[in-house]
Amino acid sequence: MALRRAQGDGLTSSRWVGGADRAGFSAKRKKKVAEIYQALNSDPTDVAALRRMAISEGGLLTDEIRRKVWPKLLNVNTSDPPPISGKDLRQISKDYQQVLLDVRRSLRRFPPGMPDEQREGLQEELIDIILLILERNPQLHYYQGYHDIVITFLLVVGERLATSLVEKLSTHHLRDFMDPTMDNTRHILNYLMPIIDQVNPELHDFMQSAEVGTIFALSWLITWFGHVLSDFRHVVRLYDFFLACHPLMPIYFAAVIVLYREQEVLDCDCDMASVHHLLSQIPQDLPYETLISRAGDLFVQFPPSELAREAAAQQQAERTAASTFKDFELASAQQRPDMVLRQRFRGLLRPETRTKDVLTKPRTNRFVKLAVMGLTVALGAAALAVVKSALEWAPKFQLQLFP
């Protein structure tokens, strides 16, 4: 059962609504809907076109369309639902108690005014989805925040399809977060500072001097921002974008949020607590379409392959930092949806000699501000490049298309 939300299935971008007159807006919407259905009805389905539609302004527009397009983006056959486990998973699952606690705390993720009976029914479905996926994939390890992702799919597509979509997502896009240790999650976070450094060295150096690290973005990353954004329309708009792109796109989006808040950061006291507190409080009125286009542009300008060396250097610096463990404890005290990941992380850090400014390098011939920050992904070359990278990311996964 897919939820009929009080908000309806309107567009997620205020630019679509407020930037054009009603007639122009209606025409633009109708044109995009027609293009989406044309791609869906192609034989075979035009997945590249669907990705461009999901990336471009407004995303997939409605939940009705998302129920048709999200399975195509994840290559999930909607006519082949996952089998129901014959086991009493609530009795045998080692994760049940933690999942139950997290689901009970998830009230704010449901639409205001939803009847208690309906919400409680959805929470029971949420538990069943998570336990079934974990039972079917014993290599996956539950983490707090995972339920925030599952809720989003449950509210949009209903229990049966959500199970299939989240299972595919968990074994691909989210796979690194579900390892027994936090090594791969930390490595993904370590792309954040190199991205910022490429665009704004001054901001990068300020954050390095403040020793703020990247833990403030952990809950953003592992929940695809579902835990930190209060407006569900913005959450599903981001899911359109992330599902259509390379798995590392969420870290690029995290970087553009920090870059967007440059002046606020530079106006802070240059210490870890002040900068972390500012950045961990994500604004709710972000210009989402602008940031989405900037994230796509930065991905094209600075692909992960070009940042891998700096990300690895960042990780090595953290391993040899004496204050890392204390900084991590202070920062993560303000986080909630990542407790299991933090518990895995605790055993990995040991105090050693402090290594500072590992990523400091000459500033000659560097862009202080990139012209690319003023571009829009829309349907231009940047969008095509982002789509191409998504299609090439895992050929066996992405290109095994069904009619």
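This is a predicted model: local features need pLDDT of at least 70, side-chain atom pairs count only at pLDDT 80 or more; totals for chains, interfaces and linings use all residues.
The UniProt record, an unreviewed entry, lists residues 241-260 and 370-391 under "transmembrane region". In the model, the span of residues 241-260 is 75% helix and 0% strand.

Across the whole structure, a search returns 17 salt bridges. One of them pairs Asp 95 with Lys 94, with 3.3 Å between the closest N and O atoms. The two partners can be classified by their relative accessibility. Asp 95 counts as buried because its relative accessibility is 13%, under the 20% limit for that class. Lys 94 counts as exposed because its value is 68%, and the exposed class begins over 50%.

A further salt bridge links the side chains of Asp 102 and Arg 105, at an N to O distance of 2.7 Å. Here Asp 102 has a relative accessibility of 2% and is therefore buried. Arg 105, at 42%, is classed as partly exposed.

Helix 7, which comprises residues 116-136, holds both Arg 119 and Asp 116. These residues stand three positions apart, about one turn of the helix, and their side chains form a salt bridge with an N to O distance of 3.5 Å. Arg 119 has a relative accessible area of 14% and so is buried.

Terms used:
Residues are numbered from 1 along each chain as its sequence is written. Side-chain values use heavy atoms; hydrogens and water are left out. UniProt positions are given in the numbering used here, feature names are shortened, and annotations may be inferred rather than shown by experiment. Helices (H or I, at least four residues) and strands (E, at least two) are DSSP runs, numbered from the N terminus. A salt bridge is a side-chain nitrogen of Lys or Arg within 4 Å of a carboxyl oxygen of Asp or Glu. Buried means under 20% relative accessible area, exposed over 50%, partly exposed in between (1.4 Å probe, protein chains only).
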